[in-house]
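Let's take a quick tour of one protein model. Have the sequence and the 3D view open as you read.

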Amino acid sequence: MDTDEQRTIPRFRPASPPAAGGTPVPDGLLSIPVATALIAADGRILHWSPDAEALLGFSAERAVGTRAADILVGPERRPEALELFGRILSGRAWAGVFPVRHRDGHLVRLDFRTFPVFDRDGSPMVLAVASDVSEVRRLAADLAVLDGFFTQSPVGMGVFDTELRFVRLNEALARINGLPVDRHLGRRLSEVLPGIDGRTAEATMRRILADGRPLVDLRTHGRTAADPEREHAWSVSTFRLEQPDGTVLGVCTTVVDITDRFEAESAAEAAQQRLALLNEASTRIGTTLDLATTARELAETAAPSLADTVVVEVLDGLVRGEPAVLPGRADRTAVLRRMAFHTVPDSGMTPTAPVGSVQRLHPSTPYAWALSHGRPVLVPRTDGAAMSWFADDPVRGGAIRAQGVHSLMVVPLIARGAAIGTATFFRSRNAAPYDRTDLALASELAARAAVSIDNALLYTRERDAAEQRQRALEAAEAAQQRLALLNEASTRIGTTLDLAITARELVDVVIPRFADFVTVDIREAVLTGEDPEPVPDSGSVALRAIAVGEREEGTLLTGAADQVGETTHSAKLYARAMRTGRSVLVPHVDEFELRRIVTHPERVQPGLDAGIHSYLMVPLLARGQVLGGVEFVRLANPEPFTPADRALGEELAARAAVCIDNARLYRRERDTALTLQRSLLPQDVHGTPGLEVAHRYLPSTVGDEIGGDWFDVVPLTGGRVALIVGDVMGHGIRAAATMGQLRTVARTLVTLDLDPARVLRRLDEATAQLGEGQFATCVCAVFDPVDEECVLASAGHLPPVLSDRDGRARLVEPPPGAPLGVGGVPFESVRFPLHEDGLLVLYTDGLVERRGQDLDEGLELLRETVTHRQPTLEQGCDAVLGAFGSTLGQDDVAVIMAHSGPVGADRLATLALSGDPALLRHAREFTRRTLTGWGLTSLVEPAVLLTGELLANAVLHAGSPLQLRLFRGRC
């Protein structure tokens, strides 16, 4: 081959199309260096390719024209190389690995493909094609790996062109799809697998072709021909295939069947969701001990996680606090009370009965069955056969059909081994039917909720029991308060026999514990102590307000009520109550009722302004007579009067009525006794010459009856005066009668001019004859104004007080004597002077004696009071009573104050007769002269005759008289 022909062979490696940026892109055979050389028969190199230059380091200029054996083979291998070269020239091709020397001296193992060729002239040549063994093996390994991806990988792999048609896939993907490989090639995914959402997958691949962003682990599911009865899940990853120059070739997709893992994950997720739901139930259900709230919490927790609608119903008997009664054999119906209904939005379900309603369910319904058997009922689909559960409950069955319920569960609520109700779960919007897993979750949820519901039931039962106990305690407390009020009324009402005080005591007892405003009205006849007439058959009744009280000091009802002492005619309602004897209760007072209550229309508005809201009127009834009435009004107390309050008011009024009637009867009897007593006391006490007398008598105001105190002033002969004060022990008519008898006996005895001691001795005998147990104290004093001397004797009486003209007062203490009626005790008289301007005070123990006080204190107060003389004797009596005024009234009081004064010659004349032999004549002359001097000439002769007779009898029977006294009386 000549040189010109050699130049026609390219000496440089053909360039690949440039990529973006000018970088060559290998294609096909150029993916690894492939050296080519053309060797002539003489062994000279005619052609040397660029890859040959790259592999062995010799440039074309150096190699061309040079014998190949000289530069490529060492001396030790040259014979072998030449022998091999000769065989090839002889027409036998050879392929194999032969070491060739690199320009730098090391050996390069090349994989040869040699071919004998001929030039134009028919001369033989050798065409050698060689590659580096390591590069070939690398490429083979790469191809093996790539082929392994498709042939050995268990992961499904597929390659799609830019039209999204299969261009290659492995058997793993073919098995996943259930179709052979050739059924895929050239077809789209949506055409090959119509059972999956191919359009969405193709849309995803188009997006990856467009933007190049790969998609990793996309989860998808569906059914393929490989397993048409089971839905599988796959993990799909897709990436774009492109050349280095950016030319898009298509997409590659890997598919991994993760059905088992997906199901496990789904199961784990479902279990986690169930656990989360149960945990939520643990925190949400039972936050309170209210039954309705707990049931509502169960319903709200289960929807929408487990159900679209939840209904919770509880045995009605348990709600009402009765023992649990399950459906029995005789009557297996279930009586349930709906406690909660909850549904999600757009569920299409509405309640068949309101919350709180009670329904009796037929034994054939799933509710009664679940309760009686203690097991849940699962209805996966509400088809014809399943709806037989509701054959005897057309209302609920019709609602299930009409509202689109396609699956339901009825789970009994079982707590502490007993069924207490049911929880029903409905699905109408969620398309998945209930299965056993859902039933287990619902049962667990119901079991947890049942404990909370049962706790709520127990709490409700205990709360109701506690409320009942509380109500019982409150009733007992109210009864105790009423009893305490009645007991207090028994001790506080009627402490005296004063009618007005008794009424006031009733008012004070009931305010504010029973009423805020109280009035007590009494009929006029009762106030006078008379028996009241029967209440008129019609019209009003005249009443007088004797006590009015209000909760707080103020005048809220001044314009709406009678004032104390005011007499009015009752309202018709009031009069009707008195006529019938039955109380009137108006729990809630409005304007209409108030017009019936008040006596005058102008009192309506003040009553409304004051806040009257409840009214009770009770007639005062005692011993078959109507005495008056009591009005109880509530203003500040917000509670209205109740029938129990009416009974309490009637009891209070009854007790007060008896006390008021006792006061009425006492007043009548006391007035009678006082009249008797006053008739037995001196009606007119006159002073005598030389002695001025003042007296006071005060009957007791606190005792039930009159006492036996008395006093008497008895003029005696010779101008003397007897002063007597006595006190019969005891009270009442008998004491007054005894007092009258003793007073009469004492007056008679003292007029016989007996010594006071003898008078008391005779009185003691008379008292003993009056009967057993009759005793009295008495003091008797006889004053002689001529001698200015007083003779006094005491029978157990308190000592008199004597005041001299200088004002000093002292107690006159005679020898002590026993009270009258004791008998066998002597009495002695004591004499003491009572000079002019002297003052003698006799009194009974009611003046100075007080319970809880030393008697000496009273005596000292009396002595001090007497010491301070008053201008007149009457004023002196008033001063003594005034000094003891705050303590008077506990007992009868009798006081005599005697003031000695001068006796003028116009009132008294005396003649000494001792030793006078002519006393008769002298006495007659003295009498005639004295009376003539007094201007009593008409009485001279009778008086002279009487004087002679008296003196003659005295001389005859008593011896010689000592003195003649003439007193001029009143004229």
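This is a predicted model: local features need pLDDT of at least 70, side-chain atom pairs count only at pLDDT 80 or more; totals for chains, interfaces and linings use all residues.

Residues are numbered from 1 along each chain as its sequence is written, and side-chain values use heavy atoms, leaving out hydrogens and water.

Start with the open sheet: five strands line up as β7-β6-β10-β9-β8, with antiparallel pairing. Helices (H or I, at least four residues) and strands (E, at least two) are DSSP runs numbered from the N terminus, and two strands pair if DSSP finds at least two bridges between them. β7 (166-169) and β8 (215-222) sit at the edges with a single partner strand each, so one side of each has no neighbour in the sheet. Inside the sheet, β6 (residues 156-161) and β10 (residues 248-257) are joined by six bridges; Gly 156, for one, has Val 255 as its bridge partner in β10.

Contact means heavy atoms within 4.5 Å; angles run from 0 to 180 degrees between N-to-C directions, with axes fitted to C-alpha atoms, for helices over the stretch in contact.

| Helix | Strands | Angle to β9 |
|---|---|---|
| α9 (residues 198-211) | touches β6, β8, β9 and β10 | about 25 degrees |
| α10 (residues 259-284) | lies across β8, β9 and β10 | about 120 degrees |

Now hop over to Ser 583, in the loop between α18 (572-580) and β20 (584-586). Ser 583 is buried, with a relative accessible area of 11% (buried means under 20%, using a 1.4 Å probe and protein chains only). Leaving aside neighbours within four places in sequence, Ser 583 is in contact with Met 617, Val 618, Pro 619, Arg 646 and Glu 650.

Conventions:
Buried means under 20% relative accessible area, exposed over 50%, partly exposed in between (1.4 Å probe, protein chains only).
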